[in-house]
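Subject: Structure handover

Hello,

Please find the structure below. My notes on it follow.

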Amino acid sequence: MKIRQTFLLILVSSLGSLALEDLKQKTLVFPEASNTAHVILRPVRQQPLTNFTVCLRSYTDLSRGHSLFSYATRKAYNELLVYKHKPNQYSLYVGGSMVTFSIADNPVPKPLWEHICVSWESVTGIAELWLNGVSLPRKGMKRGYTIGPEASIVLGQEQDSFGGGFDINESFTGEISDVFMWDRVLSSQEVVSVRYGDRLSNYLIDWQSLNYEIKGYVVVKPSTFSSS
Ligand SMILES: *[C@@H]1O[C@H](CO)[C@@H](O)[C@H](O)[C@H]1NC(C)=O
Ligand SMILES: *[C@@H]1O[C@H](CO)[C@@H](O)[C@H](O)[C@H]1NC(C)=O
């Protein structure tokens with residue numbers, strides 16, 4: 001028994017950065033604006049993408065623009081980017097093109113965790129954004145395009161080069177949690193169940209089995225989010 005545990009320990013530590021972590025009920029806190037602090041995410045597998053969905057929860061008091069999810073390839077830095085320009089306005093970039101989703105101002109501003117899912121499918125170019133489980137009017141771009149497989153995926157900063165080119169004025173401050181990615185377009189029912197914490201299958205990025213690396217001032221803390 002002792003020997004087996006020691007063997008496992010050696011095995012786990014030799015895997016090093018491949019260690020997968022379950023961040024359920026944890027959040028990444030980005031405490032201050034910088035052009036350095038970020039988190040690198042490594043997907044389960046690298047593949048060309050003709051369909052995808054990305055979901056995450058974010059909590060911020062920023063009113064300026066900031067990046068929520070930056071997936072860069074060597075060919076296109078905005079290969080897949082989820083960007084919030086200001087409260088109530090979000091953009092999705094695919095292959096450098098962009099569509100914007102806007103919602104009417106909230107009548108009573110209050111601090112709220114936001115659950116966002118974005119999807120895109122190549123065959124129709126249709127892009128979709130769900131905010132707190134509600135689908136905004138769909139847009140379209142980049143019909144027939146294929147997203148490149150070798151990506152640098154970064155939270156907390158917007159990449160203007162592969163893995164770098166960060167701008168403090170586009171950095172994220174606040175909290176990000178429950179980041180997931182799939183190589184298909186989720187249904188509205190699936191988005192709602194993801195929002196409530198249900199498990200799906202075939203993740204490219206799985207918050208509950210995450211290969212990630214923190215660079216600079218980013219702290220993992222228990223989440224303050226509660227779905228009630
Ligand atoms: C992507 O989605 C389209 C439309 O739903 C489907 O026809 C196609 O087979 C999917 N492609 C892959 C690679 O899953
Ligand atoms: C960031 O924004 C501030 C205020 O608008 C500006 O003074 C500063 O030059 C900007 N910094 C960069 C790196 O663009």
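Which backbone oxygen lies 2.7 Å from a polar atom of the side chain of His38? The backbone oxygen of Thr36 does. A polar contact here is a pair of N or O atoms within 3.5 Å; within protein, one must be able to donate a hydrogen and the other to accept it, and residues adjacent in sequence count only if both atoms are side-chain atoms. His38 belongs to strand E2 (residues 38–42); helices (H or I, at least four residues) and strands (E, at least two) are DSSP runs numbered from the N terminus. The relative accessibility of His38 is 10%, so this residue counts as buried. Buried means under 20% relative accessible area, exposed over 50% and partly exposed in between, with a 1.4 Å probe and protein chains only.

This is a predicted model, in which local features need pLDDT of at least 70 and side-chain atom pairs count only at pLDDT 80 or more, while totals for chains, interfaces and linings use all residues. Residues are numbered from 1 along each chain as its sequence is written, chains are lettered from A and ligands numbered from 1 in the order in which they are written, and side-chain values use heavy atoms, with hydrogens and water left out.

Ligand 1

An N or O atom in the side chain of Asn51 is 2.6 Å from an oxygen atom of ligand 1. On its own, ligand 1 has 370 Å² of accessible area, of which the protein covers 32% (Shrake-Rupley method, 1.4 Å probe).

Aromatic rings

The whole structure holds six aromatic pairs. Rings of Phe, Tyr and Trp (its six-membered ring) pair if their centres lie within 6.5 Å; planes under 30 degrees apart count as stacked, over 60 as edge-to-face and the rest as tilted. One of the pairs is Phe52 with Trp120, with centres 6.3 Å apart and planes at 35°, so it is tilted. Phe52 is in strand E3 (residues 51–59) and Trp120 in strand E8 (residues 114–121), so the pair ties together parts 68 residues apart in sequence. Both Phe52 and Trp120 are buried.

Tyr59 and Trp113 have ring centres 4.9 Å apart and planes at 20°, so this pair is stacked. Tyr59 is in strand E3 and Trp113 in the loop between strand E7 (97–102) and E8, so parts 54 residues apart in sequence are tied together. Tyr59 is partly exposed, at 25% relative accessible area, whereas Trp113 is buried at 11%.

Phe180, Trp182 and Tyr203 make up one aromatic cluster.

Backbone

Most residues other than glycine have a negative phi. Gln25 is in the loop between helix H1 (2–15) and strand E1 (26–30) and is exposed, with 60% relative accessibility. Asp178 is in strand E13 (residues 174–182) and is buried, with a relative accessible area of 15%.

Regards
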